[in-house]
Structures are given as C-alpha cells and as structure tokens.
Amino acid sequence: MDDPTTVSNQRNQSAPETPRLNLPARMSDSSVYLENLPSRTMHINRLINSNYNSSPSRTIYSDRFIPSRSGSNFALFDISNSPTSAEGKEDGSGTYNSLLRAALFGPDTPDKKDSLGSPACRNIFRYKTETKRSLHSLSPFGLDESVPGIIHSPVKAPRKVLDAPALQDDFYLNLVDWSSNNVLAVGLGNCVYLWNACSSKVTKLCDLGIDDSVCSVGWAQRGTHLAVGTSNGKVQIWDASRCRRIRTMEGHRLRVGALAWSSSLLSSGSRDKSILQRDIRVQDDFASKLSGHKSEVCGLKWSYDNRELASGGNDNKLFVWNQHSTQPVLKYCDHTAAVKAIAWSPHLHGLLASGGGTADRCIRFWNTTTNAHLSCMDTGSQVCNLVWSKNVNELVSTHGYSQNQIIVWRYPTMSKLATLTGHTYRVLYLAISPDGQTIVTGAGDETLRFWNVFPSPKSQVNDTCGVQAI
C-alpha cells in the first residue's frame, strides 16, 4: 500500500526513550510526546496549523485522530471546505481547528457551557436549530393533493424545537404535562425538569437516583403541585414553586405509568393492573383500589365535571368509573390494541374519544351518558395521544408506527384540517397549553416540538385551521 502523505518533524536523536501515543504511520515516532502537557499542546498545535502539499498521485488516507478533509461531509456542519489561499494549498480553516482543539483538549470557551450551568444538565431544553424544509419534504409519504377533506394550510416545521435527552421511547409512559401556570414538566430518565413557557427558564425539580426512573408526571388542575410516578411503584407529590417534595405514597407493586387529577383526588395506574384513588389531604396512601384491567394501565383521564374516570389498558379495554365505584360502570372492548389515548370533550357532556395501538389504529367516540358507540375513524397508524381543543370543536391525535405524524381533526365530520410531521420516532407524548392554542409533542427522537394549532377563544376560525409553528 502506498505510504500516505506525511508530516515531517526533525527527530531528536539524543532524546531518551519515552512513552508515545499510538499514532498511524503517516506521523513520525516523535511527533507527539507524553512527557508533559505544554510540550504535547505545542506539537499538536503545530500539526493542526501546518499547511502541507498533497501529492496528486497519491490517495490521502485518514488516520484515527485527524481525518482526511477530502472525505469529510463538512456541509453537515455548515463548514466550508473550499481552498482560499493564494498558493492553492488546503486552507487551515479556523473553524476546523477550533473543533479539533475542542475534541483534543475539551471546551475552553464560555459559549460552550450548557444552558443550566452544570454538567448533569447539559443540553436540557436547549433550542435545536433545524434546516427549514417544506411540509412535503418532511413527510416520508408526502401529501396527496387529491385527498378530499384535507386543508393544505401553510404548515411549517416547528421553529421551536427543544432538546430532551433521555426522553424514553416507551408507549406506556406519560412523561410530559403542561400546568395551568404555563410550566411544562418533563420526565427525563431519573429526573424531572420544569420549563417555564413565559421565561424559558429551566429548573431541575428532582432526581430519583440511579435505582429509580420517572414513568409519569401530572399537574394538579390548579396550583403548583406535581405528581411523579416512578418505576418502583411509588407516587411522589412535589410543590414545584418551592422545589420541595411534600410526600411519597405507596401501594403499587410495579411502575406507575399513568396519573390523573380530580381536584384533591389523584388517580394512579400501574403495570400491576390496578388503579389507586388517593386523597392527598389525608394520611393514608390511598382511599380505594379499582380492579378490572387484566394488563398494564397506560391511560387515565377524569371528565371535565370530575364525575367520571376513563381508563385504558394494555388489555385493549376502555373502562369508565364513577367517583364511588371500585368496578367499572362501563366497559368498551372494541379496540384491538392497547388503549393509551383518551380524551373527554369539553364541549359535550359524556363525549369520550379513545385511540388504539398498532394493531388497531382507530379513534373511537363514545357517549357515556347513553352508553353508545358513536363512530370510528381508522387513522392508518398507531394512536398514541388525543386532546380536544377548548376553543373550537376540534381535536389532535399523535401517532406512531408507521408515519409518526400529528393530525388536527374537525369533529364530528373527522375531516383532516392539517397533518404535521417532523418527529422521526413515535410521537408518544402530548400536552396542551393553558390558553388552548399550543400543543407540545415529544418523541423518542429526544425532542420536544411546539405547534400553534388552535385559534384563541376570541378569534375562532370556522372555515380553515391556520396551523403554524411557534
């Protein structure tokens, strides 16, 4: 094999034998010494700042430390690889040198500090810059202009995209919730972080430790109390305004993946198949236990009048309970996959929507007052979440396999007002802002994306849904 282009340094014949880095053949034995850091820094600086001629008849091979620039995709990092020197030599780009120095010696400038100021919180909820693309280019399937009922509004990829490292790709968890005080709670690994939507301030609320992890978060309907369900089967109540844990409640044997508040009553659903009703005003860990599901409880929602609780499970069942029952008062068994997506309509009493998983793909509507199955819509992909607009009679669904899309529907016609794409993993998490205009979606691609999908109460739009990204 041809000898690659070399960078020559004068050999010091009198130097004693010293440990050396494992360098490729293109570098001299004595190119880099380990005797002391200043000497090492001087030699490496000389290497990365030096200009050398490339032999046009020889292929330039990459070594493990300094890759060949001709084989690198600099466009990915928006770095120019054009030669600009008068002699026509390869330009020692300042940006390239900075990146290389950072890789060798670590960050040394203030702008490389993480947003929270501590290594443990590196890159949490930092704004993510993305290439602006049209909706057609974002969608793996494109848009069929001939499909009736789809309004092609000027939807863009969301400009507000936050990094959410360690956001789990687990269908059965509920890790995102938006409070009435405009604070977003997100469970990342074994920690819960709070993001203030007004100030963009990030606060680390708690760390459960290496032996536990966050499986669900849920804000009380009013105030600053946040419930946190854990993989150890416990439910913690936190006062978010003071970052202080109020109490820890037990009762479940396995992880708690679903939470729902009704005033001071907190319902928790677990992999142990049970639902516990907890009154946080009393000392007991729970007041009653609801039994009926044959597999993990992954969806829980109280109706707006706080009279009915809907639960969905991995047993493909949708149950409805009242305030005093320990057995379901209504049982719906039409879904053919896990029921995580549940949403009560704020516009019509007793109107309940539910969505099924990969083998089902349907959104079904129920009237719990008359115990009637109203309608069914096959969405073509796994239904992960549902939420109704408080301002107009519309709802949003998020999806997983196979399209990972977000759809805005008009009810009761179930005509598509918009289809939003951009997530590269299943859109497992969904929450709506307190003003009812913005939704946030989270996925296993470790991003949170914000979409302005609904009008304000004062500017309801009847003919079209102007969906925009904020």
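This is a predicted model: local features need pLDDT of at least 70, side-chain atom pairs count only at pLDDT 80 or more; totals for chains, interfaces and linings use all residues.
Figure 1. Together with Arg-253, Lys-273, Lys-289 and Lys-294, Lys-331 forms a patch of positive charge on the surface.

**Figure 2. The surroundings of Gly-400.** Gly-400 lies in the loop that joins β23 (394–399) to β24 (406–410), and its relative accessibility of 0% places it among the buried residues. When neighbours within four places in sequence are left aside, Gly-400 is in contact with Ser-381, Gln-382, Cys-384, Gln-405 and Arg-426. For one of these residues, Cys-384, the C-alpha atom is separated from that of Gly-400 by 6.6 Å, although the two residues are 16 apart along the chain.

**Figure 3. The salt bridge between Arg-426 and Asp-169.** Arg-426, which is also in contact with Gly-400, forms a salt bridge with Asp-169, and the closest N and O atoms of the pair are 3.3 Å apart. The pair links distant parts of the chain, 257 residues apart, since Arg-426 sits in the loop between β25 (415–420) and β26 (427–432), while Asp-169 sits in the loop between β1 (161–163) and β2 (176–178). Arg-426 is buried, with a relative accessible area of 11%, whereas Asp-169 counts as partly exposed at 34% relative accessibility.

**Figure 4. The salt bridge between Asp-207 and Lys-204.** The closest N and O atoms of Asp-207 and Lys-204, which form a salt bridge, are 3.6 Å apart. Asp-207 counts as partly exposed at 44% relative accessibility, and Lys-204 likewise counts as partly exposed, with a value of 31%.

Figure 5. Arg-255 forms a salt bridge with Glu-296, in which the closest N and O atoms are 2.9 Å apart. Arg-255 lies in the loop between β9 (244–249) and β10 (256–262) and Glu-296 in the loop between β13 (288–290) and β14 (297–302), so the pair ties together parts of the chain that are 41 residues apart in sequence. Both Arg-255 and Glu-296 are buried.

**Figure 6. The chain as context for the close-up views.** The chain contains three helices and 29 strands, and buried residues make up 48% of its 470 residues. A search of the whole structure finds nine salt bridges.

Technical notes
Residues are numbered from 1 along each chain as its sequence is written. Side-chain values use heavy atoms; hydrogens and water are left out. Patches are made of residues with over 30% relative accessible area and no salt bridge: like charges are joined within 9 Å, nonpolar side chains (Val, Leu, Ile, Met, Phe, Trp, Tyr) within 5 Å. Accessible areas come from the Shrake-Rupley method with a 1.4 Å probe; for residues, only the protein chains shown count as cover. A salt bridge is a side-chain nitrogen of Lys or Arg within 4 Å of a carboxyl oxygen of Asp or Glu. Lys and Arg count as positive and Asp and Glu as negative; His and the chain ends are not counted. The place of a charge is taken as NZ of Lys, CZ of Arg, CG of Asp or CD of Glu. Helices (H or I, at least four residues) and strands (E, at least two) are DSSP runs, numbered from the N terminus. Buried means under 20% relative accessible area, exposed over 50%, partly exposed in between (1.4 Å probe, protein chains only). Contact means heavy atoms within 4.5 Å.
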